Amino acid sequence: MSQFGKYSEYYDLLYKDKDYALEVSYVDTLVKTYKPDSKSILELGCGTGKHALLLTQKGYEITGVDVSSQMLAEAERRKAETGFKNFPKFAEGDVRTVRIPDRFDVILSLFHVMSYQTSNIDILNAFETASLHCKNGGIFIFDVWYGPAVLSQIPETRIKRLSNEKIRVTRLAESTLIAEKNIVEVNYEVWIHPQNSDSSSEVIREKHPMRYFFNPELELLLDRKGFETLRSEEWLSGKEPGLETWGVVFIARKNDSPIS
Ligand SMILES: C[S@@+](CC[C@H](N)C(=O)[O-])C[C@H]1O[C@@H](n2cnc3c(N)ncnc32)[C@H](O)[C@@H]1O
């Protein structure tokens, strides 16, 4: 079970205000700018499949991979509701090791999946997966927690409260900076209170270590795995990243040199 274990049941509620349609329009614009003839996409860490379904509506042939069977079950349920047949395809796998007998125009990885790859070997292995599945001349689009912003803002304790007709959820996120490893450890405590007072409340505790990255290290790691960094920009706005920019997207092109 990944650290998204039980959390997956509440994931879509916790992120119900996240504008997936806007995000997919932004990604579509990046794809059309950097690899206009793209058709096939491999999404690493597809979660509950929201981006994948919206990209399918836009005509892409998308395969999503995630390590969490619970997140994938939700993605499959969502796909069944839409009536889509061939795409998106979903498969269980770890982004560091998964191998699919296909190459894609675009490798996509959104909402900090790469920041979950916390050690150098983890991120190198994830980039190797991206490289082995990307056609030469194809592109790799991913976002990360951005080091300059993390170190200038230092993560704070945050509380989020949400509800639907069945449950009320309160999530406490307490963060510890492990500066020597470029990691922020986010400790979540999630209280789930049923709206129906006959059922009992539940508490889930999960630890999510997140790595923040800097341009020079990512450019080096991407280069090691056969990618040329084309651009980094603020997620969604497209502005130049700065000390306030927590989420930064990187766009890299696969060249035809061998990976090391
Ligand atoms: C914050 S969620 C993002 C999900 C989805 N991309 C979205 O935007 O809603 C992070 C996802 O990354 C997945 N993940 C983290 N590490 C992974 C790994 N090593 N291999 C595959 N999936 C991974 C988790 O299971 C989870 O679904």
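In the predicted model, domain 1 and domain 2 bury about 2,400 Å² between them, and carbon and sulfur atoms account for 63% of this area. The domain assignment places residues 6-145 and 213-254 in domain 1, and residues 149-211 in domain 2. The contact draws on 25 residues of domain 1 and 27 residues of domain 2. Taken over C-alpha atoms, the centres of the two domains lie 23 Å apart. One salt bridge is found across the interface. A salt bridge also joins the side chains of R211 and E217, with an N to O distance of 2.8 Å; the assigned bounds put residue 211 at the end of domain 2 and residue 217 within the 213-254 segment of domain 1.

Strand β4 (residues 104-109) runs parallel to β5 and is joined to it by five bridges, with F104 partnered by C134. Together with helix α5 (residues 120-132), β4 and β5 make a right-handed β-α-β unit. Strand β11 (residues 247-254) pairs with β5 in the antiparallel sense over seven bridges; here D143 has V249 as its bridge partner. Two bridges connect β5 to strand β9 (residues 202-213) in the parallel sense, and W145 of β5 is partnered by Y212 of β9.

The structure holds 15 salt bridges. One of them links K135 to D105, with the closest N and O atoms 3.1 Å apart. This pair connects strand β5 to strand β4 across 30 residues of the chain. K135 is partly exposed, at a relative accessible area of 34%, whereas D105 is buried, at 8%.

A salt bridge of 2.7 Å, N to O, is formed by the side chains of K225 and E128. Because K225 lies in the loop between α7 (215-224) and β10 (227-234) and E128 lies in helix α5, the pair ties together parts that are 97 residues apart in sequence. K225 counts as buried at 5% relative accessibility, and E128 as partly exposed at 22%.

R231 and E233 also form a salt bridge, their closest N and O atoms being 2.6 Å apart. R231 is partly exposed at 23% relative accessibility, while E233 is buried at 6%.

Definitions and conventions. Residues numbered from 1 in each chain as written. Predicted model: local features only at pLDDT ≥ 70, side-chain atom pairs only at ≥ 80, totals over all residues. Heavy atoms only, no water. Pairing = 2+ DSSP bridges. Helix = DSSP H or I, 4+ residues; strand = E, 2+ residues; numbered from the N terminus. Right-handed = clockwise from strand over helix to strand, strands pointing away. Domains from an automatic or database assignment. Contact = heavy atoms within 4.5 Å. Buried area = accessible area lost by both parts, 1.4 Å probe. Salt bridge = Lys/Arg side-chain N within 4 Å of Asp/Glu carboxyl O. Buried < 20%, exposed > 50% of the residue type's maximum accessible area, 1.4 Å probe, protein only.
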